[in-house]
Amino acid sequence: MSEPGGSPPSEPGEPVTSGPGEPAEGGPGEPLLAVRGLRVWYGTGGDPVRAVDGVSFEIGAGETVGLVGESGCGKSTLGRGVLGLLPDNATAAGEVRYRGRDLVGLSRRELRDLRGPEIGLIFQEPMTRLDPLHTIADHFRETLRIHEPELGDEETRKRSLETLARMGIPPTRFRQYPHEFSGGMRQRIMIALALVLRPSLLIADEPTTALDVIVEAQILQILADLRENFDTGLLLITHNLGIVAEACDRVAVMYAGQIVEEGEARRVFSEPAHPYTRALLRSTISLRTTGLHYIAGAPPNLIDPPPACRFHPRCPDAMAVCRERDPIEVSLAADQRVSCWLHGPEDEIPPQGAEPLERTEIAIAEEA
Amino acid sequence: MNAHGTSLRRYALTRVALAIPTVLILLTMVFLLMRVAPGDPIQSALGGRLSQQELDQRRAAAGFDKPILEQYVEYIGDVFTLDLGTTLTDNRTVTSIIVDNGTATLELTVTAFLITLVVGISVGLLAGRYRDTPIDLGGRLFGIIIYAAPVFFLGFLAQLLFGSVLGWLPTSGRASPVVNFELDTVTHFYLIDSLITGNFSAFWDCVQHLILPAVTLGLVISGVLIRLVRVNLLQTMKGDYVEAARARGVPERRIVLHHAFRNAMVPVVTVAGLQFAILLGGAVLTEQTFNWPGIGSELIRYLDERDYIAVQGIITIFALAVVIISLLIDMVTAFIDPRVRY
């Protein structure tokens with residue numbers, strides 16, 4: 001329960017971002033989920049780890065948003081931060097508005113009532129997410145009794161079996177234990193367990209990473225059906241860009257605790273604005289790949305990230321200003337927004353700021 | 001629950017079947033160990049006190065004059081008919097040792113074990129649940145100190161305080177002499193006997209006699225359990241399924257008791273069961289301290305007197321008890337954890 005070194009973040013470090021066409025507060029036009037300036041810091045005794053540092057994005061009903069980035073960029077922390085599902089040593093600040101209600105200040109109890117029936121969470125590794133000592137039936141009974149106690153035993157059973165059947169789990173296996181299922185089946189059970197409560201928003205944290213491609217396709221199909229049939233909003237955390245291109249309406253690219261580019265998935269993929277996005281896309285392997293590309297270096301240590309633009313030590317297009325000033329978010333055409341000095345604003349760049357950053361400095365930063 | 005029921009039953013039956021060869025191997029080892037010791041059992045137990053002719057008679061009566069293989073077959077047969085012979089030194093049947101002293105030990109150890117379970121699990125659970133709080137610190141400290149304290153030392157302190165200074169509880173024996181004399185023995189468990197014969201003053205007397213030794217022994221053993229339960233709970237609280245349950249909005253209390261605690265108990269059951277097995281033989285110190293007429297004290301006495309038949313009989317009983325306890329451990333583990341069932 002140690003406080004992170006320094007005071008908890010109270011105001012966002014970067015200017016409060018305003019998404020294009022920002023809807024009015026609480027009105028009917030408000031998106032399902034609106035995150036503004038969210039920060040999640042982990043206290044580790046010394047300086048805090050700024051896992052999520054001033055992140056803003058929105059998800060509308062029935063919309064699928066992909067969240068991509070390398071490992072260690074704070075994607076999973078962001079997903080859990082929305083639900084308030086953070087360890088004791090984490091501090092969250094900023095705003096997470098779900099249907100107009102700010103979740104950051106909610107009590108444990110209020111958050112608990114929300115988890116499941118409103119916002120569901122699917123995890124990366126299905127093998128260990130079910131309690132090995134309880135049958136599948138026990139898991140469903142527990143979940144439904146907590147959130148919908150008015151359902152009778154028969155109704156609970158019916159709902160559970162229906163949801164499982166939709167995921168392709170036959171009713172004959174309802175009374176079996178988790179160890180009697182394969183990984184893909186367990187992930188479908190986990191999804192069914194989230195869906196049985198009919199949440200309006202689903203956060204899927206790399207739901208297919210641990211599974212083979214056939215099962216991956218099944219799971220993605222399930223998630224796509226969900227959106228069509230129930231208008232469920234979906235935050236799909238992944239580092240598989242192929243999945244994003246296929247399944248997502250919009251995509252947010254995260255680097256070192258911040259969202260560096262966001263926009264319509266097709267647009268971001270066809271015309272990536274941020275050098276990091278470009279580098280990520282170049283690193284993707286496909287049938288036409290002739291050589292392997294990778295981004296030199298690794299995501300920075302989030303205790304003491306590089307000053308100003310956090311990507312500048314690894315950026316091929318880095319300019320002098322990138323090391324001096326935080327980038328300002330710029331809206332491009334078609335709902336695309338990017339935080340990179342390459343896109344201006346011109347009048348904020350100081351004289352000589354547009355000079356390329358000297359190569360030697362880049363090399364040194366890479367090693368660090 | 002159908003699949004659940006049959007696989008558990010099949011598991012239980014298999015375990016019981018597998019216990020039979022275990023018992024045979026154990027009995028063979030007991031038999032061999034008793035014969036490996038040099039010298040003639042009758043000579044060493046009774047030599048010098050009886051004439052050579054009488055010694056030969058005793059030797060024939062005990063069967064020591066027969067070939068070793070024949071003795072072995074006889075021994076195994078005796079075990080299965082529960083007739084373990086008559087002691088060399090005081091002409092008691094081994095069966096009567098078990099009935100009189102074995103029940104005293106069992107009464108003491110079962111009560112002590114219940115205290116161990118209650119104290120060990122509840123303190124361990126609280127310490128693990130409220131990690132790094134004063135509750136945790138107190139629980140851990142209690143566990144370490146109680147574990148490090150020798151049982152006779154703790155016993156003396158308890159006798160001094162509750163017996164001599166405060167005068168609340170008797171410090172020695174299984175019951176007052178009058179009760180010992182008057183009580184109708186049916187099961188030879190005094191608590192049960194006094195209850196079924198409706199002798200409530202005797203029951204109260206026995207309870208009073210049981211408190212100090214049982215609590216002393218129970219607390220000493222609980223130290224291990226406190227640490228084990230705490231560490232396992234801390235481990236399971238970090239489990240993926242615990243986080244997943246939180247993400248489904250399961251209340252924390254239910255997460256701790258239904259998910260983390262149950263999973264933490266799987267390894268605890270094994271250790272607790274083995275502790276109980278050790279308790280049966282290891283209660284000797286407590287029995288000596290509180291002058292409890294248990295089987296451990298008898299074993300030591302017969303060892304001193306080199307009474308081979310008595311020692312062999314008592315050790316056989318211990319061996320059987322260990323097999324039964326490990327069978328019970330398997331059953332409880334399988335009941336809790338479906339993964340170990342067939």
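A residue is called buried here if 20 or more other C-beta atoms lie within 10 Å of its own, with C-beta atoms placed from the backbone. The legends below describe a predicted model.

**View 1. Strand β9 of chain A, covered on both faces.** Strand β9(A), residues 250-255, is mostly covered, for six of its six residues are buried. In a regular strand the side chains alternate between the two faces of the sheet. On one side of β9(A) stand A:Arg250, A:Ala252 and A:Met254, on the other A:Val251, A:Val253 and A:Tyr255, and all of these residues are buried.

**View 2. The partners of β9(A), which are β3(A) and β10(A).** Strand β3 of chain A, residues 64-68, runs parallel to β9(A) and is joined to it by four bridges, and A:Leu67 stands opposite A:Ala252 of β9(A). Strand β10 of chain A, residues 258-264, pairs with β9(A) in the antiparallel sense over six bridges, and here A:Val251 has A:Gly263 in β10(A) as its bridge partner. β9(A) and β10(A) form a hairpin with two residues between them, and in the turn A:Ala256 has a positive phi of about 50°.

**View 3. An open sheet of four strands in chain A.** The strands are arranged in the order β2-β1-β4-β5, and their pairing is antiparallel. At the edges stand β2 (49-59) and β5 (101-102) of chain A, each with a single partner strand, so that one side of each is left without a neighbour in the sheet. Strand β1 of chain A, residues 33-42, is joined to the antiparallel β2(A) by eight bridges, and A:Trp41 stands opposite A:Arg50 in β2(A).

**View 4. The contact between chain A and chain B.** The contact takes 23 residues from chain A and 19 residues from chain B. On the side of chain B that touches chain A, the elements giving two or more residues are α1 (2-36), α11 (240-247) and α12 (252-282) of chain B, and α11(B) gives the most, with five residues. By class, this side of chain B has nine nonpolar, four polar and six charged residues.

**View 5. Helix α11 of chain B and its surroundings.** Six of the eight residues of α11(B) are buried, and the helix is thus mostly covered; the buried residues are B:Tyr241, B:Val242, B:Ala244, B:Ala245, B:Arg246 and B:Ala247. These buried residues pack against α1 (75-83) and β6 (119-122) of chain A, together with α10 (200-237) and α12 of chain B. After α11(B) comes B:Gly249, whose phi is positive, near 80°.

**View 6. The crossing of helices α5 and α6 in chain B.** Two packed helices are described by the angle between their axes and the distance between the axes. The axes of α5(B), residues 94-129, and α6(B), residues 134-148, come within 7 Å and cross at roughly 140°; the two helices are therefore oblique to each other, and their crossing is left-handed. From α5(B), the residues B:Val123, B:Leu126 and B:Ala127 meet B:Ile135, B:Asp136, B:Gly139, B:Arg140, B:Phe142 and B:Gly143 in α6(B). The residues of this contact divide into five nonpolar, two polar and two charged.

**View 7. Chain B as the setting of these helices.** The secondary structure of chain B comes to 15 helices and zero strands, and along the principal axes its C-alpha atoms fill a box of roughly 85 × 55 × 40 Å. Of the 342 residues in chain B, 35% are buried.

Definitions and conventions
Residues are numbered from 1 along each chain as its sequence is written. Chains are lettered from A and ligands numbered from 1 in the order in which they are written. This is a predicted model: local features need pLDDT of at least 70, side-chain atom pairs count only at pLDDT 80 or more; totals for chains, interfaces and linings use all residues. Two strands pair if DSSP finds at least two bridges between them. Two residues are in contact if their C-beta atoms, placed from the backbone, lie within 7 Å. Ala, Val, Leu, Ile, Met, Phe, Trp, Tyr, Cys and Pro count as nonpolar, Asp, Glu, Lys and Arg as charged, and the others, Gly among them, as polar. Axes are lines fitted to C-alpha atoms, for helices over the stretch in contact, and angles run from 0 to 180 degrees between N-to-C directions. Angles under 35 degrees count as roughly parallel, over 145 as roughly antiparallel, 65 to 115 as roughly perpendicular and the rest as oblique. A crossing is left-handed if the near helix is turned anticlockwise from the far one by less than a right angle, and right-handed if clockwise. A residue is buried if 20 or more other C-beta atoms lie within 10 Å of its own, exposed if 12 or fewer, and partly exposed in between; C-beta atoms are placed from the backbone.
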